[in-house]
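These are my notebook entries on one protein structure. I set down what I looked up and what I found, entry by entry.

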Amino acid sequence: MNIAILGAGILGSCSALELARRGYAVDLYDVCSAPMSRASYFNEGKIHTGIIYARDESLATARRMIEGAIHFQAALSRWVDTDGALFCSHPFLYGVDRESLVGSDALEAYYRECRSLFEAAQRRAGVSYLGRGEGLEFRRLRRDEWAGLVNPEFFEGMFETNEYSVDPVLVAEHLTRALERCPDVTPHYGRRVVSVEDGASGGLEVVVADAGGNCSARAYDQVVNCLWQGRLRIDQDRGIPLPVSWMHRYKFSNRIHVEVSDAVPSLTIVLGPFGDIVNYGERGLYLSWYPTGVAGISSDVSPPDWDGSISDAQRLEVFWKGFEAWRERCPVLGEVAFDESRLELGGGVIYALGSTDVDDYDSKLHDRYEVGLQTYGDYHSVDTGKYTLAPLLAIRVADRVSGH
């Protein structure tokens, strides 16, 4: 079969490589000039163990994230050499904000349930989280243990965990090289997917436009829609029912490319509109601050072109506002020495179900279990959900395409 993959983010790239591994010819389309250059590049790379989703008391999101997390490195190693190349971050601390939607006592009880789910999932699967051979561990710190790490004015508690981030920049580099070496994946970068049409003699036709607006079409046996902000539009044109509600959010992503000391923690503030610091050691520091780091929210089928409308000066202004907010909460951040030449300022769209933001106690953004693969004949549409889930979903895409 001849397969088209729409979108060369982490899911599309992994799906293309897995299908090629099984002997299929794959055409990989993306509007950007290189794969994995938007949301799959500009994110914190956290491999979620479910503990951030404490508002989903059903534990459905935790189960989904745990499944993706324990398979992440094992799946990725099918296409790239992951031996020591992916794990870069310090383990995460979870700081409980004084205005958190869930307090420390309830979080501790929820984390215990996640730990049990995690241990059972690893036993069933026979693989371990990032190949580390560890269960999910956490510890509620005493105030005297965390008061020197952060400004106590903002926090009511702190948890130490063994949840990690991989470096998405490094993952993107590895997958890009794998695609370049794969003879059965033909890249079509710089091509915007216009539509997917029924073929005159069966199959499907993918219509794309180049940078000049010139359109062309190719026929395929099957098409997999792995687009991120563009997925709903193509689905809608195919007559596929859309979700009841959804949101596209543009989130700024800030990277400081300097070696960072162990004194700076990887820290996520919970639970609400806060942010993350990720310490990658010699590979630098990731930083996001939600209150100033969200450029826009849209419930349109096709979101605005936020990337193209934000200037470098605006990105720099957002970075410094976020950095100051973080330095107020985590004073040791002020010891990181850098100048603006060491900054890499970008961002990406986040797609999720729901109609209200994370400051709403009942927002659907607090769960991510209604994600994955849907099939309509020879057309497949995939909601990645979270970065954590992408490698495992890619294997399931290949299973579905090949009829397993």
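**Entry 1: Ile 70**

I began with Ile 70, which counts as buried at 2% relative accessibility. Here buried means under 20% relative accessible area, exposed means over 50%, and partly exposed lies in between, for a 1.4 Å probe and protein chains only. The model is a predicted one, in which local features need pLDDT of at least 70 and side-chain atom pairs count only at pLDDT 80 or more, while totals for chains, interfaces and linings use all residues. I note also that residues are numbered from 1 along each chain as its sequence is written, and that side-chain values use heavy atoms, with hydrogens and water left out.

I then placed Ile 70 in helix H2, residues 60-76. Helices (H or I, at least four residues) and strands (E, at least two) are DSSP runs, numbered from the N terminus. Which residues does Ile 70 touch, not counting residues up to four places away in sequence? I listed Phe 118, Ala 121, Gln 122, Ala 125, Val 127, Ser 128 and Tyr 129; contact means heavy atoms within 4.5 Å. Gln 122 is 52 residues from Ile 70 along the chain, yet their C-alpha atoms are separated by 6.7 Å.

**Entry 2: H2 against H3**

I next looked up the packing of H2 on helix H3, residues 104-125. Two packed helices are described by the angle between their axes and the distance between the axes. The axes of H2 and H3 come within 10 Å and cross at roughly 45 degrees. Axes are lines fitted to C-alpha atoms, for helices over the stretch in contact, and angles run from 0 to 180 degrees between N-to-C directions.

H2 and H3 are therefore oblique to each other. Angles under 35 degrees count as roughly parallel, over 145 as roughly antiparallel, 65 to 115 as roughly perpendicular and the rest as oblique. I recorded the crossing of H2 and H3 as right-handed; this term applies if the near helix is turned clockwise from the far one by less than a right angle, and left-handed if anticlockwise. From H2 the contact draws on Ala 62, Arg 63, Ile 66, Ile 70 and His 71, and from H3 on Tyr 110, Cys 114, Leu 117, Phe 118, Ala 121, Gln 122 and Ala 125.

**Entry 3: H3 itself**

H3 has 22 residues and reaches 31 Å from its first C-alpha to its last, close to the 32 Å expected at 1.5 Å a residue. The expected span is 1.5 Å times one less than the number of residues. Among the buried residues of H3 I noted Ser 104, Leu 107, Tyr 111 and Ala 120. What do the buried residues of H3 pack against? I found H2 and the strands E3 (92-97), E4 (138-140), E5 (155-161) and E12 (266-270). Just after H3, Gly 126 takes a positive phi of about 75 degrees.

The axes of H2 and helix H10 (residues 390-401) come within 7 Å and cross at roughly 75 degrees. That makes H2 roughly perpendicular to H10. Glu 67, Gly 68, His 71, Phe 72, Ala 75 and Leu 76 of H2 meet Pro 391, Leu 392, Ile 395 and Arg 396 of H10.

I then turned to helix H1, where eleven of the twelve residues are buried, so H1 is largely enclosed by the rest of the structure. Glu 18 lies in H1 and is buried at 0% relative accessibility. Leaving aside neighbours within four places in sequence, Glu 18 is in contact with Arg 78, Trp 79, Ala 394, Ile 395 and Ala 398. Gly 23 follows H1 and has a positive phi, near 100 degrees.

**Entry 4: Backbone points**

I checked the loop between strand E2 (25-30) and H2, where Met 36 is placed. Phi of Met 36 is near 50 degrees, a positive value in a residue other than glycine, and Met 36 is buried at 3% relative accessible area. Leu 59 lies in the loop between E2 and H2; its phi is positive, about 70 degrees, although it is not a glycine. Leu 59 is buried, with a relative accessible area of 8%.

I also recorded that the peptide bond from Val 270 to Leu 271 is cis, with omega near -5 degrees. Leu 271 lies in the loop between E12 and strand E13 (275-279).

**Entry 5: Arg 255**

The side chain of Arg 255 reaches the backbone oxygen of Arg 283 at 3.3 Å.

Terms used. Polar contact = N/O pair within 3.5 Å; in protein donor to acceptor, adjacent residues only side chain to side chain.
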